Amino acid sequence: MDESIFGDGGAFPEIHVPQYPLGMGKKVSANTLTRSAVVPYVESKLYVPAELARPSEEETAELSKQTAALLLKSESSSTVKPTVTNSQPTFVRYTPKQQNPAHNSGQPNRIIRMVEAQKDPLEPPKFRHKRVPGGPPSPPVPVVHSPPRKLSVKDMAEWKIPPCISNWKNPKGYTIPLDKRLAADGRGLQETTINDGFTKLSEALYIAERSAREEVESRMRLAKQLASKQKQKKEEELRKLAMQAREERARGGAAGG
């Protein structure tokens with residue numbers, strides 16, 4: 001692309017073509033570098049346009065005078081001017097109501113010297129400025145209602161709101177029937193549903209109880225059998241001992257005869 005179309009500006013981003021404004025980024029060969037190295041430079045005054053030329057000394061002096069005048073004016077307006085007060089004091093003579101030798105050293109009159117106090121320009125304001133309330137706004141848009149109609153007994157019954165009934169507080173001590181209390185509680189609106197886990201739990205408990213009873217009965221049966229066997233064994237031993245004692249007694253009687 002020709003460099004004259006750039007006009008001392010940058011590349012055009014909307015054109016998707018390699019662009020080298022002022023030759024920036026363009027690859028330069030060694031021959032071109034050597035050729036450009038020997039090109040003589042010209043004075044910079046030739047490249048300064050007419051509208052960007054330096055002002056003359058007269059114009060510079062005039063501008064500096066105007067700037068100094070404006071600075072002095074702004075400085076004088078920004079400084080705080082002292083308030084002009086009446087430097088002459090004012091003397092006031094008055095006769096006090098109390099006429100007593102012990103009062104005011106026994107003098108019948110008094111003279112007061114009044115001087116206006118100097119105001120500090122940097123003192124913050126003593127009074128707070130209150131905003132004046134705004135005027136009334138524009139009137140609102142009228143709301144158009146339908147003509148009033150007479151309420152029927154059905155409408156009155158539908159719009160009748162029951163009083164609030166609490167299950168914890170009754171400061172007036174009213175006697176509230178149970179149906180109203182239950183209706184206020186909202187239990188009638190709830191649908192009771194039993195979970196399937198309860199049936200499984202009850203069935204498992206019944207089976208566990210039955211198996212436990214069977215185990216207890218089997219243990220009791222075995223205990224009874226063991227007790228009866230031990231009793232029979234003891235009876236058999238006692239019978240043998242009795243028979244041996246009879247035999248020994250019979251032998252002793254025969255030997256003595």
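Author: The areas themselves come from the Shrake-Rupley method with a 1.4 Å probe, and for residues only the protein chains shown count as cover. Please keep in mind that this is a predicted model, in which local features need pLDDT of at least 70 and side-chain atom pairs count only at pLDDT 80 or more, while totals for chains, interfaces and linings use all residues. Residues are numbered from 1 along each chain as its sequence is written, and side-chain values use heavy atoms, leaving out hydrogens and water.

The protein has 5 helices and 2 strands, counted as DSSP runs numbered from the N terminus (helices are H or I with at least four residues, strands are E with at least two). Along the sequence these elements follow the pattern α-α-β-β-α-α-α. Of the 257 residues, 2% are buried. The protein exposes about 26100 Å², and carbon and sulfur atoms supply 59% of that area. Among contacts (heavy atoms within 4.5 Å) with a separation of 6 or more, 17% join residues 24 or more positions apart.

Now for the part I would like you to look at closely: the strands. Ile-111 sits in strand β2 and is exposed, because its relative accessible area is 54%. Leaving aside residues up to four places away in sequence, Ile-111 touches Phe-91, Val-92 and Arg-93. Take Val-92 as an example: 19 residues separate it from Ile-111 in sequence, yet the two C-alpha atoms are 5.5 Å apart.

Val-92 also belongs to a nonpolar surface patch of about 320 Å², together with Tyr-94, Ile-112 and Met-114. The elements giving two or more residues to this patch are β1 (90-94) and β2 (110-114). Patches are built from residues with over 30% relative accessible area and no salt bridge, joining nonpolar side chains (Val, Leu, Ile, Met, Phe, Trp, Tyr) within 5 Å and like charges within 9 Å.

Side chains of opposite charge can pair when their charged atoms come close. A salt bridge here is a side-chain nitrogen of Lys or Arg within 4 Å of a carboxyl oxygen of Asp or Glu, and the whole structure holds 4 of them. One links Lys-126 with Glu-123, whose closest N and O atoms are 3.9 Å apart. Lys-126 is exposed at 68% relative accessible area, whereas Glu-123, at 41%, is partly exposed.

Further along, helix α5 (residues 196-256) carries Glu-215 and Arg-219, which are 4 residues and so about one helical turn apart. Their salt bridge spans 3.8 Å from N to O. Glu-215 is partly exposed at 44%, and Arg-219 counts as exposed at 53%.

Note on methods: Buried < 20%, exposed > 50% of the residue type's maximum accessible area, 1.4 Å probe, protein only.
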